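Visitor: I have a structure on my screen and would like to learn how to read it. Could you take me through a few features?

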Amino acid sequence: MSQQTPVARVEPAWREWLERWPTPADLAAADPAEVLRAWGSLGYPRRALRLVAAATAIAALGNEVPDDESVLLGLPGIGRYTAAAVLAFAFRRRAVVLDTNIRRVLARLVGGQEFPPRSETAAERALAEEWLPEDDDAAAAWCEAVMELGALVCTARTPTCGACPVADDCAWLRAGSPAWEGPERRGQAWAGTDRQCRGRIMGALRRSETGVALADITWPDDVQLQRCGAGLVADGLAHHDGDLLRLGPGPAVSA
């Protein structure tokens with residue numbers, strides 16, 4: 001849930017989610033449409049369906065989240081970052097967790113750069129591996145601490161270097177905090193994009209138990225609206241019911 005979505009928005013939904021589906025088997029048995037409703041406006045709703053798919057696989061493994069990296073990586077929707085985060089934070093195992101915050105802290109502390117490269121590099125992973133303590137529990141604590149340092153102190157826009165516990169060792173600070181000279185870092189656009197249009201349709205579908213006609217959704221570009229509706233169907237987030245769209249992949253896909 002917290003991939004691409006701030007923790008403050010995730011926490012209430014996460015607590016409600018665990019009350020409703022406390023085990024992987026519970027989630028695996030859930031109606032995908034209800035899962036998508038519970039996902040709400042967290043964004044990137046395909047993640048909700050991937051969670052159901054992963055829960056189904058975990059239920060078949062004995063209803064316990066595996067603590068083996070290779071098994072985790074074999075689960076639907078689980079990549080290197082998520083597998084490492086599960087190993088470190090759930091099982092207190094030594095694993096390289098490279099989120100945006102940890103990458104930024106290492107870029108400044110060691111590399112003397114305001115920001116890390118746009119995409120993760122092998123050099124970053126090797127650096128994190130070098131800094132990670134050998135002891136399992138200490139390594140997990142290091143990941144937690146550096147992640148929090150990046151989220152609360154060494155932030156992207158307004159770092160509070162005076163409060164940083166490693167400021168004296170920071171290569172970026174010693175260099176005078178030089179501005180980023182790499183490719184321009186732009187935030188993702190929202191207004192008028194397909195993401196906004198898809199979100200508008202998904203919001204209408206979540207509110208309806210009987211289905212929605214795309215023509216009843218207010219959107220300035222009908223071609224874009226139709227394209228985004230078709231995209232939601234292709235992604236398994238909606239299905240056709242006559243002239244209406246309904247939430248979820250539909251009986252034929254979810255059976």
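Visitor: How much space lies in the largest cavity?
Guide: Here is the general idea: rolling a probe the size of a water molecule over the atoms shows where empty space is left. In this structure, which is a predicted model, the largest cavity holds about 120 Å³ of space. The count of cavities of 30 Å³ or more comes to one.

Visitor: Which residues lie nearest the centre of the largest cavity?
Guide: They are Arg 108, Cys 154, Cys 164, Val 166 and Cys 170, out of 15 residues that line the largest cavity. By kind, the lining divides into 13 nonpolar residues, one polar and one charged.

Visitor: Which helix gives the most to that lining?
Guide: Helix H7 does, with three residues. Both H7 and helix H10 (171-174) supply at least two residues each.

Visitor: Let us turn to aromatic rings. How many aromatic pairs does a search of the whole structure find?
Guide: The search finds three. To read a pair, look at the distance between ring centres and the angle between ring planes; planes over 60 degrees apart count as edge-to-face. The rings of Trp 17 and Trp 39 have centres 5.8 Å apart and planes at 75 degrees, so this pair is edge-to-face. Trp 17 sits in helix H1 (residues 7-20) and Trp 39 in helix H3, so the pair ties together parts that are 22 residues apart in sequence.

Visitor: Are Trp 17 and Trp 39 buried or exposed?
Guide: Both Trp 17 and Trp 39 are buried. Together with Trp 21, they form one aromatic cluster.

Visitor: What about the rings of Phe 115 and Trp 180?
Guide: Their centres are 6.0 Å apart and their planes stand at 75 degrees, so this pair is edge-to-face. It links distant parts of the chain: Phe 115 is in the loop between H7 and helix H8 (122-131), while Trp 180 is in the loop between H10 and helix H11 (194-207), 65 residues apart. For burial, the cut-off is under 20% relative accessible area. Phe 115, at 13%, is therefore buried, whereas Trp 180, at 22%, is partly exposed.

Visitor: Which residue other than glycine has a positive phi near 45 degrees?
Guide: First the general idea: most residues other than glycine have a negative phi. Tyr 44 has a positive phi, near 45 degrees. Look for Tyr 44 in the loop between helix H3 (32-39) and helix H4 (46-60). Its relative accessible area is 33%, so Tyr 44 is partly exposed.

Visitor: And what is the phi of Arg 92?
Guide: Arg 92 has a positive phi too, about 55 degrees, although it is not a glycine. Arg 92 lies in the loop between helix H6 (80-91) and helix H7 (100-109). With 27% relative accessibility, Arg 92 counts as partly exposed.

Visitor: Last one: which residues does the UniProt annotation "domain: HhH-GPD" cover?
Guide: According to the UniProt record, an unreviewed entry, that annotation covers residues 1-152. In the model, this span is 63% helix and 0% strand, and its end C-alpha atoms lie 20 Å apart.

How values were computed:
Residues are numbered from 1 along each chain as its sequence is written. This is a predicted model: local features need pLDDT of at least 70, side-chain atom pairs count only at pLDDT 80 or more; totals for chains, interfaces and linings use all residues. Side-chain values use heavy atoms; hydrogens and water are left out. Helices (H or I, at least four residues) and strands (E, at least two) are DSSP runs, numbered from the N terminus. Buried means under 20% relative accessible area, exposed over 50%, partly exposed in between (1.4 Å probe, protein chains only). UniProt positions are given in the numbering used here, feature names are shortened, and annotations may be inferred rather than shown by experiment. On a 1 Å grid over the protein atoms alone, a cavity is a set of points where a 1.4 Å probe fits but cannot get out, and a pocket is an open set with protein on both sides within 12 Å along at least five of seven lines; lining residues have an atom within 4 Å of a point. Grid points are joined across faces, edges and corners, and a volume is the space filled by probe spheres set on the points. Ala, Val, Leu, Ile, Met, Phe, Trp, Tyr, Cys and Pro count as nonpolar, Asp, Glu, Lys and Arg as charged, and the others, Gly among them, as polar. Rings of Phe, Tyr and Trp (its six-membered ring) pair if their centres lie within 6.5 Å; planes under 30 degrees apart count as stacked, over 60 as edge-to-face and the rest as tilted.
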